[in-house]
Amino acid sequence: GCCRLLCKPSALAQHLVQSLGRSAVLWGGHWLWPRWPRLQMLRQLLKPPEPEPAVARELLQMPDSGLVALDWLVGPRGAAGGGGGCPSPVLLLIPNAAGQVTGGLLQLGLQALERGFLPVIFNRRGHNGCPLTTPRLQPFGDPGDLQEAVTYLRCRHPAAPLLAVSEGSGSGLLLAYLGESGSSSHLAAAACVSPIFRGRDWFEAGMPWLYEWPLLLHLKRGLSRYVGSLAEVVDVDGLLGSRSLRELEEALFCRTKSRPTSWEAYWERNEPLRDADEVAVPVLCLCSADDPVRGPPARSLPLELFRSSPYFFLLLTPRGGHCGFPRQGPGRCWGHEAVLEFFRAMAEFLGAEEQKKGLPWPC
């Protein structure tokens, strides 16, 4: 009941306010657990979902012969998607920038699967067991590989609505894609859970060791498998000796052997909101004021963007931690319910608008 929706007034915003207001998920009771955001974060990173979902992997080859992986969630019993004659919406799940598929992201995918979505996880080059076939990884805000994956999904499911959800630092990739592609994104709507809006500031400010060190070790462990090929383009000793995520990012993408660049120039090309004015689909950003990873709201939330853009919606809650948003009872994360309710409300509104124009709308 303490959530606030910050957005530019519009018919779409009013519809979203009414839809979320009717949803019981935003009306929580008194409970102590949300007061410990760091413990929420540790639980989110370490606890797997129950039961562990089965996935069917597809490898997509990029124009430069690199590979990304799409993991389709098929659930504990091996059945994917919904039935009926209507096309099931495809839900693209984007993990954090370290490629860590958390239990929370999988739980969201399983909830979506139960509601008839086709959830699929996007894995970057070299992440989550995806082979690294070229000595090139994906920079923080480079949406090129994601654009190829979206194009493939649109070709595979041409009649289905395509939606996307990102988690944590993975939102930098989704926001960059939405800005760079504009009205050609092929997405009907998108949501960012605990997004990082200002990439450079985030890397320079540093994070709590409880979050940074596990991610740093996770990245180094994955990169150590490819030291042979990476040695052609980066200083491997400096890479594996990095003591922060910023040092690792600089070693991978700035201090390269073939095309070195400055930290400033790197972020000119990779800031998530560099083309925010071009975003042309509804985007829900679910944020908590006590997020220990993103940082204080005053310096980490682009409030003016939500006041001026008709496509950005900020659902801000005083407590929720980083990608936590805990609640009592089944589900354990009310943020997942809020995201799915947002997608339902967007489909309802956009479908009604298309019917007014006399145009068909997918079921």
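What share of the 363 residues in the protein is buried? Buried residues account for 56% of them, where buried means under 20% relative accessible area, exposed over 50% and partly exposed in between, with a 1.4 Å probe and protein chains only. This is a predicted model, in which local features need pLDDT of at least 70, side-chain atom pairs count only at pLDDT 80 or more, and totals for chains, interfaces and linings use all residues. Residues are numbered from 1 along each chain as its sequence is written, and side-chain values use heavy atoms, with hydrogens and water left out.

**Overall fold**

- The protein contains 14 helices and nine strands; these are DSSP runs numbered from the N terminus, helices being H or I of at least four residues and strands E of at least two.
- Contact means heavy atoms within 4.5 Å. Among contacts between residues at least 6 apart in sequence, 76% join residues at least 24 apart.

**Nonpolar cores**

- A nonpolar core is a set of buried Ala, Val, Leu, Ile, Met, Phe, Trp, Tyr and Cys residues joined through side-chain atoms within 4.5 Å.
- The largest nonpolar core has 39 residues, of which Leu-70, Leu-92, Leu-178, Val-283 and Cys-285 touch the most other members.
- Helix α5 (residues 171-181) gives the most to this core, with five residues.
- Another core, of 38 residues, lies apart from it and includes Leu-16, Leu-93, Ala-112 and Met-346.

**Ser-171**

- Ser-171 belongs to helix α5 and is buried, with a relative accessible area of 0%.
- Not counting residues up to four places away in sequence, Ser-171 touches Ser-166, Cys-192, Val-193, Pro-195 and Ile-196.

**Cavities**

- A cavity is a set of points, on a 1 Å grid over the protein atoms alone, where a 1.4 Å probe fits but cannot get out; lining residues have an atom within 4 Å of a point.
- There are three cavities of 30 Å³ or more.
- The second largest cavity holds about 50 Å³ of space, a volume being the space filled by probe spheres set on the points, which are joined across faces, edges and corners.
- Its lining includes Ile-196, Phe-197, Trp-202 and Arg-299.
- Helices α6 (199-205) and α12 (297-300) each supply at least two residues of that lining.

Methods:
On a 1 Å grid over the protein atoms alone, a cavity is a set of points where a 1.4 Å probe fits but cannot get out, and a pocket is an open set with protein on both sides within 12 Å along at least five of seven lines; lining residues have an atom within 4 Å of a point.
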